[in-house]
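Here are my notes on the model, as numbered points. Have the coordinates open while you read.

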Amino acid sequence: MVSQATEQTPTEAMFSADEASRGLGIELVEHGEGTAVVRMTVTPAMVNGHRIAHGGFVFLLADTAFACACNSYGPVTVAAGADIVFVAPAHEGDVLVARAEERARYGRSGIYDVSVHRGEELIAEFRGRSRSARDDTAREAPGTTTKEPR
């Protein structure tokens, strides 16, 4: 947690407004320029009919790490696309950790890889492609007009 006396980093500001991720119990563990680590415990509501973690929740965890890493520089940055490969199943009660690392940034675009682990075991590999807005208008208050990235 950042104290009220210090200014939030772009990653902390974005994550503090991310109701979806925080509502699922995702925690921002660490972050830096082009990197982020987030953690989530698989709850009973996250398992599918096979009693394994639904892939959408694993994707969301990886996507959250990706968002934290690609927004670390300040301009509002969104996903332009992403892919995931599921390597092993996760189960109720598992603590999953997603570590995002920047691979390349060029112009307003970037490529980020995210590995999702349960302890030392690899659960999934995610690759995200980002695109930054031309300006910071996407951070305007809800209900206001925003410009789309070009």
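**Notes on the cysteines, rings and core**

1. Let's start with C70: at 5% relative accessibility it counts as buried, where buried means under 20% relative accessible area, exposed over 50% and partly exposed in between (1.4 Å probe, protein chains only). C68 is buried too, at 0% relative accessibility. The sulfur of C68 has its closest cysteine sulfur in C70, 8.6 Å away, which is too far for a bond. With a disulfide taken as a pair of cysteine sulfur atoms within 2.5 Å, the count comes to 0.

2. A word on ground rules. This is a predicted model, so local features need pLDDT of at least 70 and side-chain atom pairs count only at pLDDT 80 or more, while totals for chains, interfaces and linings use all residues. Residues are numbered from 1 along each chain as its sequence is written, and side-chain values use heavy atoms, with hydrogens and water left out.

3. On to the rings. The structure holds 3 aromatic pairs, counting Phe, Tyr and Trp (its six-membered ring) with centres within 6.5 Å; planes under 30 degrees apart are stacked, over 60 edge-to-face and the rest tilted. F59 and F126 have ring centres 5.2 Å apart and planes at 65 degrees, so they make an edge-to-face pair. Because F59 is in helix α3 (residues 55-70) and F126 in strand β6 (residues 121-132), this pair ties together parts 67 residues apart in sequence. Helices (H or I, at least four residues) and strands (E, at least two) are DSSP runs, numbered from the N terminus.

4. How exposed are the two partners? F59 is partly exposed, at 28% relative accessibility, whereas F126 is buried at 2%. F126 also pairs with F66: the centres are 5.7 Å apart and the planes at 50 degrees, so this pair is tilted. It again links distant parts of the chain, with F66 in helix α3 and F126 in strand β6, 60 residues apart. Ring pairs join F59, F66, Y112 and F126 into a cluster.

5. One more ring to look at is Y73. R105 lies over its face, 3.5 Å from the ring centre; the rule asks for NZ of Lys or CZ of Arg within 6 Å of the centre and within 35 degrees of the ring normal.

6. Now the core. The largest nonpolar core has 29 residues, and L61, L96, V114, V116 and I123 touch the most other members. Such a core is a set of buried Ala, Val, Leu, Ile, Met, Phe, Trp, Tyr and Cys residues joined through side-chain atoms within 4.5 Å. At least two residues each come from α1 (10-16), β2 (35-41), α3, β4 (95-106), β5 (109-118) and β6. Helix α3 gives the most, with 8 residues.

7. Check R118, in strand β5. Its side chain reaches the backbone oxygen of P89 at 3.0 Å, and a polar contact of 2.5 Å joins the side chains of R118 and D94. A polar contact is a pair of N or O atoms within 3.5 Å; within protein, one must be able to donate a hydrogen and the other to accept it, and residues adjacent in sequence count only if both atoms are side-chain atoms.

8. Last, R51, in the loop between β2 and α3. Leaving aside neighbours within four places in sequence, R51 is in contact (heavy atoms within 4.5 Å) with H91 and E92. R51 and P89 are 38 residues apart in sequence but 9.6 Å apart in space, C-alpha to C-alpha.
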